Amino acid sequence: MSLPLLARPGLAQPSSNIFRVVTSQEINGLDPARSGYVFTRMQVVETLLGADDGGLPVPQLARAWTLSEDGLTWRFSLRQGGRFHDGTPVTAEAVVACLGRAREQAGLLSNLPLASIAAESGAVLIRTSRPFTPLLAFLAHYSTGILAPAAFEGQAVRAIIGSGPYKLSRLLAPQRLEAERSEHWAGPAPAPAIARLSYLAAGRGETRAAMAEGGQAELVAQLAPETVERLRRNPRLAIDIRAIPRTRLIKLNCNLPLFRDLRARRALSLALDRQGMATALLRSPASAATQIFPPAMAEWHVPELPPLRRHVAEARRLLAELGWQPGAEGILQRDGQPFSFTLRTFSDRPELPGLATAMQAQLREAGIDMRVAIVNSGEIPAGHRDGTLEAALMARNFSLVPDPLGTLLQDYGPNGGDWGAMGWSSAALQDVLDKLGTTADPAERAALRGRASTILHEELPVIPVSWFDLATAVSKRVAGLTVDPLELSFRVAGARWAG
């Protein structure tokens, strides 16, 4: 049955028997490609595979898998007795239909060397045109979520009918959903001890913190740095802080004359006081980014790279080489035009506007006029697609595909990506990424990852600003809840009430 899209709701009200999740991320419709991150994290929709804390594949709808000797054919055996929330069986044909649909859409699967996806004797067979060793990680991405046949009307999603331990009972887009324990759950884990869930998207960080403080939520994610110390003093809350595979970046439109030359991008980078921002605004001095990948991504972080640093005089020197000279009010000019651009950012992540304001002042010291526009986060990918984006400050998650190669293929392919490069590409990087997809040799993979990190560090199609500490508040009313460092699941099905 189709679920109604209702009006924007108010704040969640306290309830003794509903596990309430509060984050900043809105529900942007029913399609898994758009909002699957909510449905999978709430354990309503499953993917073929999941991932453990280290990014290694674990069963979800697929209970086992094998790879042919030639490295081209993957066979996935499905979980016995799996049922969708409408009571219909999870079949190989249903899985194939969803994966085929995801493959046809612009996005993750469309970038892979997939030759065919088919059902055979109750199993799912995925054939690739060349060996592609990271495939398992891609099948844990939310856009590959599996829905029942009845969820579709033609190719459009009309309802969320998943197979997870919780089923959707009410959807109030774009802010809220409610879910309850599914009577059809037949997974490897027992039925959840917690029977009912709700999800609320609250954009302001202070609002989320107040809800945690006031007992209006059992799990509050994406806490603003300035609220964490206050919440630590609350005896009713446990605060979990961990470094995760996410980096705050400046995305540049390298099609623009302002940013086309590498020296201009280096000058912008040299003008940034990362250490000052990490200390004063993020309350985490160690989060100042010295390269794109944080130490938490040990396989991709290259300690030998010269660290990104601040050097305003060097920034001015590089810009002078490009013909930029001081003009009115200290702003650099070239051919009668000021070095001026607009940076888009959004308040869903509460620290971003403050960082943008600080960067505005820092860049002005180098003679660069950067205006700040606080917009809806969707205006960044939209601006990429229509070419109107000049620059953006954002946070990029490298673990939505548990192997970061998935994100790199999306972001730095020949045409760039909505949340990655714009007007920049590198044949050398593409060659490295292609080789990473075909080789399983550990030493060769390590060398290739180091080379990819080095190219991004030297070319700066995006400018790293800071690494990410994930701060989560969990009510002590709850026991047995663990925080997923890859942000694939809220893991409520494994928790229980503490009382």
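The following legends describe close-up views of a predicted model.

**View 1. Packing of helices α7 and α9.** Two packed helices are described by the angle between their axes and the distance between the axes. Helix α7 (residues 262–270) and helix α9 (residues 312–321) pack at about 160 degrees, and their axes lie 8 Å apart. Because an angle over 145 degrees counts as roughly antiparallel, α7 and α9 are described as roughly antiparallel to each other. Their crossing is left-handed. On the α7 side, the contact is made by Arg263, Ala264, Arg266, Ala267 and Leu270, which meet Val312, Glu314, Ala315, Leu318, Leu319 and Glu321 of α9. Sorted by class, this contact has seven nonpolar residues, four charged residues and no polar ones.

**View 2. The nonpolar cores.** The largest nonpolar core holds 131 residues, and Leu48, Phe76, Leu99, Val124, Leu177, Phe339 and Phe341 have the most contacts inside it. Helix α2 (residues 92–104) gives the most to this core, with seven residues. A second, separate core has 15 residues, including Ala202, Leu231, Leu237 and Ala473.

**View 3. Surroundings of Leu48.** Residues up to four places away in sequence are not counted here; beyond them, Leu48 touches Pro59, Gln60, Leu61, Ala62, Phe76, Leu78, Val95, Leu99 and Leu139. Among these neighbours, Phe76 and Leu99 are also listed with Leu48 as having the most contacts inside the largest nonpolar core.

**View 4. Thr407 in helix α12.** Thr407 lies in helix α12, which spans residues 405–411. Is Thr407 buried or exposed? Its relative accessible area is 2%, so Thr407 is buried. Leaving aside residues up to four places away in sequence, Thr407 touches Arg396, Asn397 and Phe398.

**View 5. Ala358 in helix α10.** Ala358 is placed in helix α10 (residues 351–365). Ala358 and Leu272 are 86 residues apart in sequence, and their C-alpha atoms are 9.0 Å apart in space. With residues up to four places away in sequence not counted, Ala358 touches Met277 and Leu281.

**View 6. Backbone features in three loops.** Most residues other than glycine have a negative phi, and most peptide bonds are trans. A cis peptide bond, with omega of about 10 degrees, joins Ala173 and Pro174. Pro174 is found in the loop between β10 (166–172) and β11 (176–181). Glu329 has a positive phi, near 55 degrees, and is found in the loop between β15 (325–326) and β16 (332–334). At 71% relative accessibility, Glu329 counts as exposed. Arg491 has a positive phi, near 60 degrees, and its place is in the loop between β22 (478–479) and β23 (496–497).

Notes:
Residues are numbered from 1 along each chain as its sequence is written. This is a predicted model: local features need pLDDT of at least 70, side-chain atom pairs count only at pLDDT 80 or more; totals for chains, interfaces and linings use all residues. Side-chain values use heavy atoms; hydrogens and water are left out. Axes are lines fitted to C-alpha atoms, for helices over the stretch in contact, and angles run from 0 to 180 degrees between N-to-C directions. Helices (H or I, at least four residues) and strands (E, at least two) are DSSP runs, numbered from the N terminus. Angles under 35 degrees count as roughly parallel, over 145 as roughly antiparallel, 65 to 115 as roughly perpendicular and the rest as oblique. A crossing is left-handed if the near helix is turned anticlockwise from the far one by less than a right angle, and right-handed if clockwise. Contact means heavy atoms within 4.5 Å. Ala, Val, Leu, Ile, Met, Phe, Trp, Tyr, Cys and Pro count as nonpolar, Asp, Glu, Lys and Arg as charged, and the others, Gly among them, as polar. Buried means under 20% relative accessible area, exposed over 50%, partly exposed in between (1.4 Å probe, protein chains only). A nonpolar core is a set of buried Ala, Val, Leu, Ile, Met, Phe, Trp, Tyr and Cys residues joined through side-chain atoms within 4.5 Å.
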